[in-house]
Structures are given as C-alpha cells and as structure tokens.
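Me: Please take one part of this protein and go through it closely. Then set it in the context of the whole chain. Keep it brisk.

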Amino acid sequence: MRVVELAGIGPGPFAAMLLADLGADVVRVDRPGGPGLAIDPAYDVTNRNKRSVVVDLKSPDGPARVLELVARADVLVEGYRPGVAERLGVGPGDCHARNPRLVYGRMTGWGQDGPLAQRAGHDIAYIAPTGTLGMIGRPDEPPAVPANLLGDYAGGSLYLVVGVLAALHHARATGTGQVVDAAIVDGASHLATMIHGMLAAGGWQDRRGANLLDGGCPYYGTYETADGRHMAVGALESRFYAEFLAVLGIEDRAEARKDVSQWGELREQVAIRFKTRTRDEWTALFEGSDACVAPVLSLREAPHHPHLAARGTFTDHGGITQPAPAPRFSATPTSVRTGPAQPGADTAEVARDWDVPGLLPSSRNPQ
C-alpha cells in the first residue's frame, strides 16, 4: 500500500506512522523549513518507517508534483483546516481527478463542517466539549489533563486509520475511492459509548469521581506509597477484591465493596495501608496475585518492566527507546525498519521507486 502524507503535526503523522509500521510505503511530503516544531527531526519517531520528500505546495509546480505521487498512491493523509488543501490544489477533487481509487484521509479536530470547523484548536479544546475531559480527575479539582493521548491519538489517529483501512477495502472492491472525515470530536465522543449507555441506564452519575471507573470507587484508582510513588488498583470483581484485601491485611472490609456509604472510610484505610510500604515493596507483595494491582511507572521506567521487556513492547532503534509497532501479527510481523525520515532525504529514492522523475531538481530545472 502506498501512502502520501502531507506533513503536519500530531495525529496526522501518528496515523501515517501506524500505517507505515504495518508495512505501508509512506512518503511524507515535507514543507520547506520543516513543520515548525521544537523537536529535532532526528528524534521525531512518529516519522519512523517513512520516507521524505520536500515540496513547496505554494510554488507554481508544487501541486503538480504532489499529484504525480497521488496518481500512484492508494491513500493520502492530510491534517489541514477545511478548505486549505483545496486552495493549495491538492484537495479531494484534484486528487480524485488523477486517481479515482484514492482514499483521501482528512484529520482535523472539529471536522470538515459545523460551526467550529474553521476554528483553531488542540487536543484539550477538542475533547472538552465532548464530555470526555469532564469525566477525568478528582471531583474537588479541575479536570485532569490526559496529555494529548485521548484526543489526538485515541480519538483522532486511530479513528482515521480505521476509516482509511475500511475505505481502502471498499476502493479495492469497487474501484472507487472516497473521503474519510476523521474528527477528534467525533472519535473522542465515540470512545465514551459504553459510558453513555451506563448513563442512560442510571448506572453512571454525570460528574467526576462518583463512579465505578472514574476514581470514585476506592478499589479502582491510584494510591500513594511510602516513597511518594503510586500503585494502581482495579480490583472490581469480588474474587479480585478479596485478594486485594488479603494482601493489604484488611480482610474485615469485605462488605464495603457493595456499600457505597462505606467507600469513604474504605478509601482512607486503603490509603493508610499503601503509605506503609514503598511502591516496589507493594509490587513484590502483589506479585503472582489476581488482585489487579500494578505499579505506576514513569516513561523511562516502563521499558524495563519485566512483562513489557519479555514481550518486547519497547524497542531500541538508532539509539532511541520507543514503543514497538502494535498490534502483532502471526504471519506478517512488524518492526521498526528505519529511523525518523529526515526532510527531503529520500527524494531520489522515491522518484525512482514511484516513477516520479519530476521530484528531482534536475528534471524541474534543466540546464
């Protein structure tokens, strides 16, 4: 599968990286001067497994050069505001005129239409009106900020990839491509489908810290340990809860599991117990149990967790420790094949492999 990625930031590059991790030939069309991020391109692992060419879409021949790539591609991914790609001459109409089978993936925060479609924004602003941000955090504090994982990547990139792959299946079956409108507001809302069902059934209160899965429950949450670190607890089922109490040494609190009026006192007892030992000591005590308790690790600690290390969840490539491709396949294993694509470094190679000689400077400016 050949993918043209029009360079941007955040969820678009991550979606293209996921396709590249799965084996797609992704050519990133970088703009002169780069994306404007502070990160050194050599460390931007969302550009791994890709190749890069540099095209100035605002130059007279820029759109034509991109359309030459489009003519040979299966998928295009772009993350401009609505209408920008059209003004640049590489919108869906221009691309489908050259390649009717193309799947045109559009990644935005607000979507291609609606009152806010032209409004600027970032992850936190997109998830705020969906109700998902308001679910996260303690009831007596402002909503907690989930980095940019919930909006950009879960509600954005992953939905774009699902849509692109479904549309690609349709295109190969019918010969007709289409536009995939992946909006973070749609994806982030969709992620809360189960919660909306629980809300309608009366099994979820529409406020933070009052429910089974949002920290309101004392046996589903996080607790500080003696060394200022934390343990995560998810002992929901009765048998897991029983093991949890046994390891903590408070077996007499079995009845508090179903009695919400006792949750406050139970939380205090659990918190007191966790403060008596360090995180690593509790980790050792819960080792081998089904209490559903795990240590909360930092980003640098995570690759060294015994389970993650055994599975190879993280990998080292080019001196950078990074998550390995996911998910896993029995017949077509994935890998990090190349490091971050450097802007324009693969122009000659792509021109040859995709048979687009117009990418080469010599062909555009004959001497």
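**A parallel pair and its surroundings**

Reply: Val-103 stands opposite Gln-178 in β6. This is a predicted model: local features need pLDDT of at least 70, side-chain atom pairs count only at pLDDT 80 or more, and totals for chains, interfaces and linings use all residues. Residues are numbered from 1 along each chain as its sequence is written, and side-chain values use heavy atoms, with hydrogens and water left out.

Start with the sheet. It is open and has 6 strands, ordered β3-β2-β1-β4-β5-β6. The pairing is parallel. Strands (E, at least two residues) and helices (H or I, at least four) are DSSP runs, numbered from the N terminus. Two strands pair if DSSP finds at least two bridges between them. The edges are β3 (50-54) and β6 (178-183). Each has a single partner strand, so one side of each is left without a neighbour in the sheet. From one strand to the next, the twist averages 20°. In general, strands of a sheet pair through backbone hydrogen bonds, either parallel or antiparallel.

Now the pair itself. β5 (residues 103-108) joins β6 in the parallel sense over 6 bridges. Helix α6 (residues 149-174) packs on the sheet and touches β4 (75-78), β5 and β6. The direction of α6 makes about 165° with that of β5. Axes here are lines fitted to C-alpha atoms, for helices over the stretch in contact, and angles run from 0 to 180 degrees between N-to-C directions.

Next, the core. The largest nonpolar core has 29 residues. Such a core is a set of buried Ala, Val, Leu, Ile, Met, Phe, Trp, Tyr and Cys residues joined through side-chain atoms within 4.5 Å. Buried means under 20% relative accessible area, exposed over 50%, and partly exposed in between (1.4 Å probe, protein chains only). Val-3, Val-75, Val-103 and Leu-160 have the most contacts inside this core. Elements giving two or more residues to it are α1 (11-21), β4, β5, α5 (123-127), α6, β6 and α7 (184-191). Helix α6 gives the most, with 7 residues.

Look at Leu-160. Leaving out residues up to four places away in sequence, Leu-160 touches Ala-15, Val-77, Gly-105, Arg-106, Met-107, Val-180 and Ala-182. Contact means heavy atoms within 4.5 Å. A second, separate core has 25 residues, including Val-4, Leu-57, Val-66 and Trp-354.

Go back to α6, where Leu-149 is found. Leu-149 counts as exposed because its relative accessibility is 52%. Beyond four places in sequence, Leu-149 contacts Asp-123 and Ala-154.

Compare a residue elsewhere. Thr-347 lies in helix α13 (residues 347-353). At 15% relative accessibility, Thr-347 counts as buried. Setting aside residues up to four places away in sequence, Thr-347 touches Ser-52, Val-53, Val-54, Leu-359 and Leu-360.

Finally, the whole chain. The protein has 14 helices and 11 strands. Of its 367 residues, 40% count as buried. Among contacts between residues at least 6 apart in sequence, 65% join residues at least 24 apart. The C-alpha atoms fill a box of roughly 85 × 45 × 40 Å, taken along the principal axes.
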